[in-house]
Amino acid sequence: MLDFFTIFSKGGLVLWCFQGVSDSCTGPVNALIRSVLLQERGGNNSFTHEALTLKYKLDNQFELVFVVGFQKILTLTYVDKLIDDVHRLFRDKYRTEIQQQSALSLLNGTFDFQNDFLRLLREAEESSKIRAPTTMKKFEDSEKAKKPVRSMIETRGEKPKEKSKNSKKKGAKKESSDGPLATGKAVPAEKSGLPAGPENGVELSKEELIRRKREEFIQKHGRGLEKSSKSTKSDAPKEKGKKAPRVWALGGCANKEVLDYSAPTTNGAPDAAPPEDINLIRGTGPGGQLQDLDCSSSDDEETAQNATKPSATKGTLGGMFGMLKGLVGSKSLSREDMESVLDKMRDHLIAKNVAADIAVQLCESVANKLEGKVMGTFSTVTSTVKQALQESLVQILQPQRRVDMLRDIMDAQRHQRPYVVTFCGVNGVGKSTNLAKISFWLLENGFSVLIAACDTFRAGAVEQLRTHTRRLSALHPPEKHAGRTMVQLFEKGYGKDAAGIAMEAIAFARNQGFDVVLVDTAGRMQDNAPLMTALAKLITVNTPDLVLFVGEALVGNEAVDQLVKFNRALADHSMAQTPRLIDGIVLTKFDTIDDKVGAAISMTYITSKPIVFVGTGQTYCDLRSLNAKAVVAALMKA
């Protein structure tokens, strides 16, 4: 049973609607428009909203959308056929009214489609019931019936053919050394006139074979004992004198006192900065203002210069034929026209580090968007598909929610509470380093920061944050801020409960008047259930304002697996009724990938969450905001 079926234009005018139940279809259809149609995610024609499954079809020629909704627990096999039939009949019946392309004509038009729809629905339901029942397979049609009876009879003592073949291969060396086993009666040695043995072609009896093998075993075993006794004698003098450890000339000393970095420090008392170049650690550039990401390289300038040079080899006729090649000429695009271009685009996206599944869905979305669309006279298929793909990629990199941390922090200040940010991700992606970069950015904007060391698992994690806190304190000493401590580390050592440390850090920040609390968590693989449970507990108990997933730009298909499993694990292991999932993404190591920027597309497409920060280096100023157009330009560059 269908819940609803609606037809509306891409401008938002509802032309006709069928209600199968009393509930309104406005909410599910609006969710479909926001999450799929506006976000360029039309690769799959199915969408799930709460308890409903929505299937839709786009008519790009007349700018129409056909949507059907039904309960997702139902398996309705006739829905696809029904949408195609309704689309075909509605377009042919009201072609004149739709072709006028004016909102007033659509509003004044009368689309009396109720009887036609009920007829098509009845025919679709009956066609699904008329299907012939599947008949059981007879024995005569099976593979077993084709085998002869003799091949299925096994006599006692005989081995199957497959096993005998394998045994022949395995025992080839044994037969060559020991000779064939006696299968019949043994020939006596006296009658043959030759000494008994396999080398003379005389088969031995079972008792003689056992006796000979026993003698060979004793001989081999005796030789082994002699060798082992010799080796023990030769190794004996070496054990008496122990080798002294080598001392290298420039290796430094390895005393326990020198290597001990575990001197206790109290919260709020950062260590004094050692003599190091603070400007080198800070980096160049304005720290308080995030610059846009620049994906251009030196190769782009060279190619641009080469493109401006006129080619003397090309003639006038060649340029004219090249311009006219591939023109569509005022006709509607079909799948066959776009197939070769989309295949090249898909391979290009995968080569740029976009996940394979997402590249397929992007090309399918572009095909659905352009199918049936009428092109201009001087438009090529390649340029049209490329432009549509660029628009889709820019739309994907600008998701529904935009994260503005500075605005949210000032809003938290008005309510006299700290703004809490939790960092999570897999091992080795740069969570602590980028946490320090974000801390420096916040300090440059005048906000005080408390860093909570909740990575109680990795050795050296607390010492790393302690070093960052010391350097940040040297860059922003209390003397520059009227004696106020701007950055501080909250630590409780190793092996403690991370959720409890975060709770104490938030309470400490509220009492001491800190503006922001940055919670560093341990790196964990997405398949590690105990650590994912601990992360879900930390997020559920402390309810941070922002949960940032830190991922590196080097990954391809792994990015999809990480984000999907992280969100799934947070939802499964959460104790709340509405679990808290990832709110944004921090993309690190962006300076190591040149123009292979596909990980940004993969992460944003799979989560529908924005990329808040991009890490581009090792200094504190190497933090950027995402520039969607620059990323898409680098992605589409040949």
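Contacts (heavy atoms within 4.5 Å) between residues 24 or more positions apart make up 74% of those in the protein with a separation of 6 or more. This is a predicted model, in which local features need pLDDT of at least 70, side-chain atom pairs count only at pLDDT 80 or more, and totals for chains, interfaces and linings use all residues. Residues are numbered from 1 along each chain as its sequence is written, and side-chain values use heavy atoms, with hydrogens and water left out.

The protein has 26 helices and 14 strands; these are DSSP runs numbered from the N terminus, helices (H or I) having at least four residues and strands (E) at least two. Of its 638 residues, 39% are buried, that is, under 20% relative accessible area, while exposed means over 50% and partly exposed in between (1.4 Å probe, protein chains only).

A nonpolar core is a set of buried Ala, Val, Leu, Ile, Met, Phe, Trp, Tyr and Cys residues joined through side-chain atoms within 4.5 Å. The largest one holds 114 residues, and Leu362, Val385, Met405, Leu442 and Phe613 touch the most other members. Helix H22 gives this core its largest share, 8 residues. Domain 2 (333-397) and domain 3 (405-628) each supply at least three residues; the bounds come from an automatic or database domain assignment. Beyond its neighbours within four places in sequence, Leu362 is in contact with residues including Leu349, Ile601 and Tyr605. A second, separate core has 26 residues, among them Trp16 and Tyr94.

Helix H22 spans residues 498-512 and contains Met503. Met503 counts as partly exposed because its relative accessibility is 44%.
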